[in-house]
Amino acid sequence: MKHLIDIADLSVAEIDQLIATADDIIAAPEKYADKCRRKKLATLFFEPSTRTRLSFEAAMMELGGNVLGFSEANSSSAAKGESVADTIQTVCCYADIIAMRHPKEGAPYVAIQRASAPIINAGDGGHNHPTQTLTDLLTIHREMGRLENLTIGMCGDLKFGRTVHSLLIAMSRYTGIKFVLISPEELRIPEYLKEEVLLKKDVPYEETTDLESVMPELDILYMTRVQRERFFNEADYIRLKDSYILTPEKLSLAKPSMRVLHPLPRVNEISVAVDNDPRAAYFRQALNGKYIRMALILSLLGL
Ligand code: NCD
């Protein structure tokens, strides 16, 4: 059985196929309306979510399937001390496929030990978020027409931002990619990603603290929220939370063809005055999240 725990679980060819399926779903949704009849998706969210959980549920509904699950750990038996492994073994009695989000890095690896249904990692702590990355790849492909030959700026909390980690791993496999990593010193990309991905694959990158000076060279600007819930103390969060705020003035330095992505939720790192700029792609990105999850559910269920 196939699970999706890490974006590297998928080959480039498999990702390209998911993008092609998502494009086809967007073009002809009626073809897919009954594909998951009588199938059930369980969404087990031990951590808060809006887009990821609801787009998974909408995806299953639009495929003609049903959904069940919980949206906070406190409303599940985790609050009574049940282990992740026992929860998963139980939910596999009721559902055909499971999307889970957990605050502990690696929790989905525990889950798959006892899973008799496909498990999808919907975010594990500060580690990985592969379905957000599929969303990001579909968005880049639809907005730019390609996944190769792009200069990608990643800005904000590159240390704790799991969406950044997964996207960096995924984009490193395409040709002609350059990363510009924009963050405060304290929130730089983890060393393991530099060593095991960027240096190992010889992917060009630069690190900077200054967004404005690099803006003109970017094809994609991937903005992120400072991940308050992963900080050890509030004072550090308060000191770092306003490091980057994208305003129309800063955006005026960018190419007309650049696209701004953000996994959302935003706090204040993108001014709402940017939302009507055609380069602001983040709400289109949120919509794409539903279509790529439809493609993923079909693929993991072998439909
Ligand atoms: C992200 C996440 O949960 O990691 N959100 C999402 O899934 N769209 C980013 C974030 O919470 O900042």
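Modeller: D24 is partly exposed, with a relative accessible area of 26%, and this residue lies in helix 1. Please keep in mind that the model is predicted. Leaving aside neighbours within four places in sequence, D24 is in contact with K31 and Y32. I177 sits 153 residues away along the chain from D24, and the C-alpha atoms of the two are separated by 26 Å.

Helix 1 covers residues 12-27, and at 1.5 Å a residue its 16 residues should span 22 Å; the end C-alpha atoms are 23 Å apart, which agrees. Its buried residues are I15, L18, I19, T21, A22 and I25. The face turned away from the buried side carries the exposed residues A13, Q17 and A27. As for partners, the buried residues of helix 1 pack against helix 5 (130-144) and helix 11 (282-300).

R38, in the loop between helix 1 and strand 1, has a positive phi of about 70 degrees although it is not a glycine. With 66% relative accessibility, R38 counts as exposed, as the cut-off for that class is over 50%.

Twelve of its 15 residues are buried, so helix 5 is largely enclosed by the rest of the structure. The buried set runs through P130, T131, Q132, T133, L134, T135, D136, L137, L138, T139 and I140, and it also includes M144. The length works out as well: at 1.5 Å a residue, helix 5 should span 21 Å, and its end C-alpha atoms are 21 Å apart. Just after helix 5, G145 takes a positive phi of about 80 degrees. In the loop between helix 5 and strand 5 (150-155) you will find N149, which has a positive phi of about 55 degrees although it is not a glycine.

The structure holds one cavity of 30 Å³ or more, and about 70 Å³ of space lies in the largest cavity. Its lining is made up of 13 residues, with R51, Q132, T135, Q285 and A286 nearest the centre. Helix 2, helix 5 and helix 11 are the elements that give two or more residues to this lining. Helix 11 gives the most, with five residues. By class, the cavity lining divides into four nonpolar, seven polar and two charged residues.

On helix 11, K290 deserves a moment. K290 is buried, with a relative accessible area of 13%, against a cut-off of under 20%. Not counting residues up to four places away in sequence, K290 touches S55, A58, A59 and E62.

T52, R53, S55, F56, E57, A59 and M60 are the buried residues of helix 2. Their cover includes strand 1 (40-45), strand 2 (66-70), strand 3 (97-102) and strand 4 (119-124), along with helix 5 and helix 11. Just after helix 2, G64 takes a positive phi of about 85 degrees.

About 390 Å³ of space lies in the largest pocket. There are 21 lining residues, and R101, R162, R225, L264 and P265 lie nearest the pocket centre. Seven of the lining residues are charged, ten are polar and four are nonpolar. The peptide bond from L264 to P265 is cis, with omega near 5 degrees. P265 is found in the loop between strand 9 (259-261) and helix 11, the helix that also packs against the buried residues of helix 1, where we began with D24.

Conventions. Residues are numbered from 1 along each chain as its sequence is written. This is a predicted model: local features need pLDDT of at least 70, side-chain atom pairs count only at pLDDT 80 or more; totals for chains, interfaces and linings use all residues. Side-chain values use heavy atoms; hydrogens and water are left out. Helices (H or I, at least four residues) and strands (E, at least two) are DSSP runs, numbered from the N terminus. The expected span of a helix is 1.5 Å times one less than its number of residues. Buried means under 20% relative accessible area, exposed over 50%, partly exposed in between (1.4 Å probe, protein chains only). Contact means heavy atoms within 4.5 Å. On a 1 Å grid over the protein atoms alone, a cavity is a set of points where a 1.4 Å probe fits but cannot get out, and a pocket is an open set with protein on both sides within 12 Å along at least five of seven lines; lining residues have an atom within 4 Å of a point. Grid points are joined across faces, edges and corners, and a volume is the space filled by probe spheres set on the points. Ala, Val, Leu, Ile, Met, Phe, Trp, Tyr, Cys and Pro count as nonpolar, Asp, Glu, Lys and Arg as charged, and the others, Gly among them, as polar.
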